[in-house]
Amino acid sequence: MLNELRLRHDAKPRKSAAIVGDVMGKFHPHGDSAIYDALVRMAQSFTMRAPVVDGRGNFGSPDGDAAAAMRYTEARLTALAEELMSELYAKTVAFRPNYDGTRFEPIVLPARFPHLLINGSQGIAVGMATSIPPHNFGEVIDASIAMIDDPEISVSKLVKYVKGPDFPTGGELVSTKREIVDVYTNGQGSLKLRGTWKVEEAGKRTPTLLVITSIPYAVERRAVVERIAEVVISKKLPVLVDVRDESTDDCRIVCELKQGADPQLVMAYLQKHTPVMTNVQVNLTCLVPSENPELAAPKRLDLAAMLRYFLDFRMETVTKRLEHQLAELRARIHILEGFEIIFDALDETIRIIRRSEGKQDAAQKIMKRFGLDELQVDAILELKLYRLAKLEILVIQKELAEKRAEAKRIEKLLKSTPERWKLIRAELHELKEKYQDPRRTRIVSDADEPSFDAEAFIVDEDAMVVLSAQGWIKRQQRIKDVGATRVRDGDAVLEVVAGSTRASVAFFSSLGVCYVMRIVDVPATTGYGVPVQTLFKMEDGERIVAMMSFDPRFLDVPAPTEGAEPEEPYAVAVTKGGQSLRFSLRAHRDPSTRAGRKYTRPAKDDAVVYVGLAGEEDNIACATLEGRALICPVEEVALLSGVGKGVMLIKLSKGDHVIGAQVLTDDDDALMVESGGGKKLAVSTSKYDVVSRAGKGFQLIKRGNLERVLMDEPTLPGFPSPGGEG
């Protein structure tokens, strides 16, 4: 744009298609889309902190809209872009041939300011990545000047000037000064960035409006609106009733709240669950110079090292520029000195020229007579006649005096490194005065961040959770008859638990994983429900074997005491391979991730068949495929503090396995099983002796196998009344 098309900041813009075509034909023969995408990005004021392309037409929007086709848009350079390239013609940087060897292109630009810090960069290469956020122009220049004044300045002192990233879309950086210093010292880290907002107070008949006035950098405005709309539709935030985008050039996302709602809490929820707040990754990996000017090496730098590399490069560039200027001055002085000699003997020179045989003969005679060289004589012979006037001679003498003074000044600069640093400092200050603008991103501390409390947004009401044998779950407010609950053909209700929507419900799987979620997050429907696999990250063949409500009215599960041994309440698990263990439910009281938390680690070919709540005085009964059963005290089952396989509950013969188990709290409790012939048998303490674990147990049937464990009809749990009775 500068050298080929002369599209300076004051030139008439040209079609982007012409620019892209010129670039593709001369420098980058790899397709027009990549070239145009780069051109568009450099013109976007919401992407670049200091745009280097002045775009005319549709160059995209913060909503994520793409730019218009290149045949419709026009572009030219900005004045700031010219500061990156203004010294190209002073032989300040190395050049290399383009792809076909018909032209030369600079390896780097002789930038007059730290462009990499000001506009940032994102990139991924083989085995490495970089993520440099944009910064404020004036702050970076101030830091550079501070490093010139104190070459050993530390990162912690530089942060007094570079207060943190400054994003073109504004927002608030939620970080302490210590966190920012750590990021700039280590060259990597993460910072929290959130949008800004304000409240427009409502009248008596108009709702309260929470208006988001800026969003985090690189987040599409449309994505923010869509995510907030999902919250509204799912009714996860009852006080938020509507959202609409009223943005023009400025961001204005309007959230309509119910009367009496606390906007601070609503914003805290949106920052937690939508892109209104994001983490900005910082990775100051840069390409630094090597011995070969055409190659650069990747290196992670701190802020001081980045500025040091820039200033060293600036010193090198300014030195080459001065040397080039001095060479041009000396060449001009050399010519002017020839003029000066000739003007002192002008009549004689004219006679020599008139008597010569031609230009070459005249040149030889003048060189011999006055001791001049070919360059000086060529300039004399090309001199126009009007320049022989007295006034023109004075102009030439004045120019010679100015050029000698300028050359003397540059020679002095080249001899003194401190003087060159003063020149660099003055040029940086001049750039700051010309291009600085106010900071857009505010720095706020964690103390200013509104606290998020998930409980504040959940409507506290009673509900029931239904789990089917095939693993479908749903939430309903009331169930009058379990038999009338809708399930899929061939499916049946396995279990029903009750609790407040603010309480948690735990699902125990056959692979030893406990998945915990809030009851309010279980999909509410009167239909079949949803497969549990859609809510959690479950393995193939993994199924839910038990469900528990952690509502304190039904089962109080306190928080675990730090450093303590496993504490009550306990659950007991039995596996298909005859292993058993006890574990504390306190480790599973809080909602888990989609991956859940392990409570046991069964062997490769083993699986959990039963999980139940167990007290110290209870017994555990189990039955096997070949018709054997065993009852032992629960206290004999090992209580594990970590995740393990447990201990042997019943000794199995080859080919046999446990088909089911149950905790027996009194003589009336029984594990009901059914044989292949349809005979129903009860395993209870009133009928069989309680023995020690790890034995073979007793024979329930003499012939055939046990077919299955008979499950009791799920009972509807009753909610305790205010007086405490169910």
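**Salt bridges across the chain**

Author: E82 and R8 form a salt bridge through their side chains, at 3.7 Å from N to O; the term stands for a side-chain nitrogen of Lys or Arg within 4 Å of a carboxyl oxygen of Asp or Glu. Because E82 belongs to helix α3 (residues 79-85) and R8 to the segment before β1 (14-15), the contact ties together parts 74 residues apart in sequence. Helices (H or I, at least four residues) and strands (E, at least two) are DSSP runs, numbered from the N terminus. E82 is buried at 13% relative accessible area, while R8 is partly exposed at 33%. Buried means under 20% relative accessible area, exposed over 50%, and partly exposed in between (1.4 Å probe, protein chains only).

The model is predicted: local features need pLDDT of at least 70, side-chain atom pairs count only at pLDDT 80 or more, and totals for chains, interfaces and linings use all residues. Residues are numbered from 1 along each chain as its sequence is written, and side-chain values use heavy atoms, with hydrogens and water left out.

Helices α10 and α14 are also linked. R330 pairs with E411 in a salt bridge whose closest N and O atoms are 2.8 Å apart. R330 sits in helix α10 (residues 303-344) and E411 in helix α14 (residues 390-415), 81 residues apart. Both are partly exposed, R330 at 46% and E411 at 27%. R332 and E399 meet in a salt bridge at 2.9 Å, N to O. Since R332 lies in helix α10 and E399 in helix α14, this pair ties together parts 67 residues apart in sequence. R332 is partly exposed at 30%, whereas E399 is buried at 18%.

The structure holds 50 salt bridges. R49, E139, D166, D437, R439 and R440 are joined in a network of them.
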